[in-house]
Amino acid sequence: MRISVIGCGYLGAVHASAMAALGHDVVGVDVDPVKVAALQRGDTPFFEPGLPELLTEAGATGRLRFTTDMDAVAEAQVHFVCVGTPQQADSYAADVTYVDEAFRAVGRRAAVGSVVVGKSTVPVGTAARLAETLAREAPGVHLAWNPEFLREGHAVDDTLHPDRLVYGVDGSEGDIATAVLDEVYAGQLADDVPRIVMDYATAELVKVAANSFLATKISFINAMAELCEVAGGDVTLLADAIGRDPRIGRRFLDAGLGFGGGCLPKDIRAFMARAAELHAEPAVSFLREVDSINLRRRERMVDLTAGVLDGRPLAGARIAVLGAAFKPNSDDVRDSPALDVARKLADRSAHVVITDPQAVPNARRRFPDLRYVQTAEEAVQGADAVLLLTEWAEYRALDPDKTALLVASPRIVDGRNVLDPQVWRAAGWVYRALGRR
Ligand code: UDX
């Protein structure tokens, strides 16, 4: 099929490449000429494992191109809108300006009979509003909402092998849009990926409900971590034990510094804002607590760091920060808990030295006044305390004996509960963690 993808960020670049790899003829359009030039060269504008290979593979077929020229969408039978919906600067609500602009631009160019497919995460009610606009301004063009559940760091696999496909369609034209999406995803459907067809509002809610549930699961275990800290328990053992119950499950019960990134924090806030507009604020008021628990972990990390210094003031102490990305296998620092903690420590006059395998350039752009180094060995050099804040494999594999030779004082705070306390203590380290002794 001929497909256009509007917006070539994390979501769009991966979706465009995956669609081409699956045999479709794809044009990716973005307003950013730098991003488009990179993608045209086969370079990824951000770090995503497997994406360079997928881009090369798809590019070699001649079925994938990128452009800044919106007119290129005119030939496509299906248009995927993959632009961002960031949090508004002055409120919790999502900014849907880019979605509106993309729909306006596509609507002017889309052929009669083609389908515009929204993939962006939007406040419930957006699709119905856009359907009305399309009906007025682009009669004969159909609309579907097809939320995306990919995780950064696993985006390629999640797109090629999704655990479900959700189609939000309108009753009267739903069969047409469903048939077109079935053709787009024929490969996945042949692999028995479940497909669930529903109305627009439910499809929009599925995405925010999924992210709210995941955020709640993380904040639940972090709330248990707070209790373990005061009661002398161990949250990792608690998670292992409750996670054995298949109704609960062990995944997404890793206690620590909590969630960040471009999705979970802003999606739960946008959900609260939208619920308030719909006079249903109490239904999701628990998300305010989910957000608070999450942000409290960052404060607690600062306190633990101050505590581990054994009476020395935080001001002037040399603190090695391992990790700046919001999670491993990503260079994304949007709402990164690690970088936030580094910022808070620097604001309290600690001498912070940050490292990350991929995210240093983005972190430096965000906080140019902080100090960055390339490797963990450089970061820990002469440190009064080492903080593990993003659980990259290379930090999990740090050797306590070798690292002890580099630091000024062997003290480590494990913000992600990924090190073995016994091993580190046996090597002479003072070991502290969030949610366990
Ligand atoms: C999330 C959703 O998982 C994905 O389905 C959706 O499409 C986009 O939002 P992503 O933001 O890429 O994906 O990251 P995810 O793997 O969900 O992690 C989010 C944050 O939660 C990270 O900061 C991670 O460190 C943290 N996390 C995750 C925990 O603190 N504990 C856990 O047990 C799991």
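1. Basis. The model is predicted, so treat it as such: local features need pLDDT of at least 70, side-chain atom pairs count only at pLDDT 80 or more, and totals for chains, interfaces and linings use all residues. Residues are numbered from 1 along each chain as its sequence is written, and side-chain values use heavy atoms, with hydrogens and water left out.

2. Start with the open sheet of 8 strands, ordered 3-2-1-4-5-6-7-8, whose pairing is mixed. Strand 3 (64-67) and strand 8 (195-198) are the edges; each has a single partner strand, so one side of each lacks a neighbour in the sheet. From one strand to the next, the twist averages 25 degrees. Strands and helices here are DSSP runs, numbered from the N terminus: E of at least two residues for strands, H or I of at least four for helices. Two strands pair if DSSP finds at least two bridges between them.

3. One pair inside it. Strand 4 (residues 78-81) and strand 5 (residues 115-118) run parallel and are joined by 4 bridges. Look for H79, which stands opposite V116 in strand 5. As background, strands of a sheet pair through backbone hydrogen bonds, either parallel or antiparallel.

4. Another open sheet has 6 strands in the order 11-10-9-12-13-14, with parallel pairing. Strand 11 (371-373) and strand 14 (430-433) are its edge strands, and each pairs on one side only. Neighbouring strands are turned by 25 degrees against each other on average, direction ignored. Strand 13 (residues 411-414) runs parallel to strand 14, with 4 bridges between them. There, D414 stands opposite A433.

5. Contact means heavy atoms within 4.5 Å. Axes are lines fitted to C-alpha atoms, for helices over the stretch in contact, and angles run from 0 to 180 degrees between N-to-C directions.

6. The ligand site. Around the ligand are 20 residues, of which F149, L150, E152, D254 and K327 come nearest. A residue counts as near if one of its heavy atoms lies within 4 Å. Helix 9 (residues 200-231) gives the most to this shell, with 4 residues. A backbone N or O atom of E152 lies 2.7 Å from an oxygen atom of the ligand. For D254, a polar backbone atom is 2.9 Å from a ligand oxygen. For L253, the distance from a backbone N or O atom to a ligand oxygen is 3.4 Å.

7. A loop residue. D95 sits in the loop between strand 4 and helix 4 (97-109). Leaving aside neighbours within four places in sequence, D95 is in contact with G84, T85, P86 and Q88. D95 and V360 are 265 residues apart in sequence and 27 Å apart in space, C-alpha to C-alpha.

Definitions and conventions
A polar contact is a pair of N or O atoms within 3.5 Å; within protein, one must be able to donate a hydrogen and the other to accept it, and residues adjacent in sequence count only if both atoms are side-chain atoms.
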